[in-house]
Amino acid sequence: MKKRTFLKTAGLLGTGLLLQPVIGCSNKLLQGHALPAFTPFSLPPLGYAYNALEPAVDALTMEIHHTKHHQAYIDKLNKALNGQAYKGTAFGIAEICALVEANDAAVRNNAGGHYNHSMFWKWIAPTTDNSIPVDLQTRINSDFGSLTELKKQLSDAAKNRFGSGWAWLTVHKDGHLFVSSTPNQDNPLMAALVEQPGTPIFGIDVWEHAYYLNYQNRRADYIAAILERINWQAVFESYTLAIQR
Ligand code: MN
């Protein structure tokens, strides 16, 4: 297989579809080879109807959040990258997050915005199956004692985030799970910026744009509703990829 074909197959060519870290991987692949052309990021489909999460999240909030807010992060990220792979080697959105530096505000805010929202749509997707795969349940019990305690920590982290930001469930590099919070559009992949780096497997957007139409100032009610709409199969898929790194 030609190198360029392989890179396309591996999803490294900037489509925005590659959402898990590939730190180092693409750099090795690219060593000694001319860089392929960069493809601008584009808005991924939501995967379900805008009203699918009602009453937890209303349809208008979902539509504006997806087509306006998420799209704006993508547009600004593409503008900041100006047709180039980030730092000359990073094509995937997770890889860009992992490499971003504190003073690179346009990429920091908008690569974070694109990654965070792309994953959020998957993690809160509507589902009638609320069961947690056994391997993940075992890990949760080991690290938090119970699902109830995990949800309490997530709720506290989300409620206590001052201003805009996210609360996260993240896999540490040693394999254990932890809950944390980041401001703005930072995320735990941004190892140079966050106190507790790792690979996020669930997150809650607590920017007011995520809930204000329906909940106004009642952030805690929105958080409680989101915690009942977790797509555990999607979270498990993120967990499985994270522990294979
Ligand atoms: Mn948002």
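Visitor: Is Gln216 buried, partly exposed or exposed?
Guide: Gln216 counts as partly exposed, at 32% relative accessibility. This is a predicted model, by the way.

Visitor: Where is Gln216 placed?
Guide: Gln216 is in the loop between α8 and α9. Its phi is positive, about 50 degrees, although Gln216 is not a glycine.

Visitor: Which other residue has a positive phi although it is not a glycine?
Guide: Asn82 is one, with a phi of about 50 degrees. Asn82 is found in the loop between α3 and α4.

Visitor: And is Asn82 buried or exposed?
Guide: Exposed. The relative accessible area of Asn82 is 62%, and the cut-off for exposed is over 50%.

Visitor: How far can I trust the model? What does the pLDDT average over the chain?
Guide: The average is 88, and 86% of the residues score at least 70. Residues 1–26 fall below 50. That stretch still has 58 contacts in the model beyond near neighbours in sequence. Where pLDDT is low, the predicted coordinates should not be read in detail.

Visitor: Back up a bit. How many helices and strands does the chain have?
Guide: The chain has 10 helices and three strands. From the N terminus, the elements run α-α-α-α-α-α-α-β-β-β-α-α-α.

Visitor: What share of the residues is buried?
Guide: Of the 245 residues in the chain, 50% are buried. The accessible surface is about 11,400 Å², and carbon and sulfur atoms account for 53% of that surface.

Visitor: Now the sheet. What is the strand order?
Guide: The order is β2-β1-β3. The sheet is open, and the pairing is antiparallel. β2 (177–183) and β3 (199–205) are the edge strands, each pairing on one side only. On average, neighbouring strands are turned by 25 degrees against each other, direction ignored.

Visitor: How many bridges join β1 to β2?
Guide: Seven, with β1 spanning residues 165–171. Trp168 has Ser180 as its bridge partner in β2. Trp166 stands opposite Thr182.

Visitor: What sits in the hairpin of β1 and β2?
Guide: There are five residues between the strands. Gly175 takes a positive phi there, near 105 degrees.

Visitor: And over how many bridges do β1 and β3 pair?
Guide: Six bridges, again in the antiparallel sense. There, Val171 stands opposite Thr199 in β3.

Visitor: Is β1 mostly covered or open?
Guide: Mostly covered. Seven of its seven residues are buried. One side has Gly165, Ala167, Leu169 and Val171. The other has Trp166, Trp168 and Thr170.

Visitor: Which helix lies across the strands?
Guide: That is α10, residues 232–243. α10 lies across β1, β2 and β3, and runs at about 145 degrees to β3.

Visitor: On to the metal. What coordinates the manganese ion?
Guide: Four residues do: His65 (NE2), His117 (NE2), Asp205 (OD) and His209 (NE2). The distances are 1.9 to 2.1 Å. In sequence, the donor spacing is H-x51-H-x87-D-x3-H.

Visitor: Which parts does the pair of His65 and Asp205 tie together?
Guide: His65 lies in helix α3 (residues 59–81), and Asp205 lies in strand β3. The pair therefore ties together parts 140 residues apart in sequence.

Visitor: Is His65 buried or exposed?
Guide: His65 is buried, at 2% relative accessibility. Asp205 is buried too, with a relative accessible area of 0%.

Visitor: New topic: Arg161. What does Arg161 touch?
Guide: Leaving out residues up to four places away in sequence, Arg161 touches Trp166, Ser181, Thr182, Pro183, Val206 and Arg219. Arg161 lies in the loop between α7 and β1.

Visitor: Arg219 came up there. Which residues of α9 are buried?
Guide: In α9, residues 219–227, the buried ones are Arg219, Tyr222, Ile223, Ala225, Ile226 and Leu227. Their cover includes α5, α7, β3 and α8.

Visitor: Last one. Which peptide bond is cis?
Guide: The bond from Glu54 to Pro55 is cis, with omega near 5 degrees. Pro55 is in the loop between α2 and α3.

Conventions:
Residues are numbered from 1 along each chain as its sequence is written. This is a predicted model: local features need pLDDT of at least 70, side-chain atom pairs count only at pLDDT 80 or more; totals for chains, interfaces and linings use all residues. Side-chain values use heavy atoms; hydrogens and water are left out. pLDDT is the predictor's confidence in each residue, from 0 to 100. Contact means heavy atoms within 4.5 Å. Two strands pair if DSSP finds at least two bridges between them. Helices (H or I, at least four residues) and strands (E, at least two) are DSSP runs, numbered from the N terminus. Axes are lines fitted to C-alpha atoms, for helices over the stretch in contact, and angles run from 0 to 180 degrees between N-to-C directions. Buried means under 20% relative accessible area, exposed over 50%, partly exposed in between (1.4 Å probe, protein chains only). Donors are N, O and S atoms within 2.8 Å of the metal (3.2 Å for Na, K and Ca); water is not among the atoms, so sites may look incomplete. Accessible areas come from the Shrake-Rupley method with a 1.4 Å probe; for residues, only the protein chains shown count as cover.
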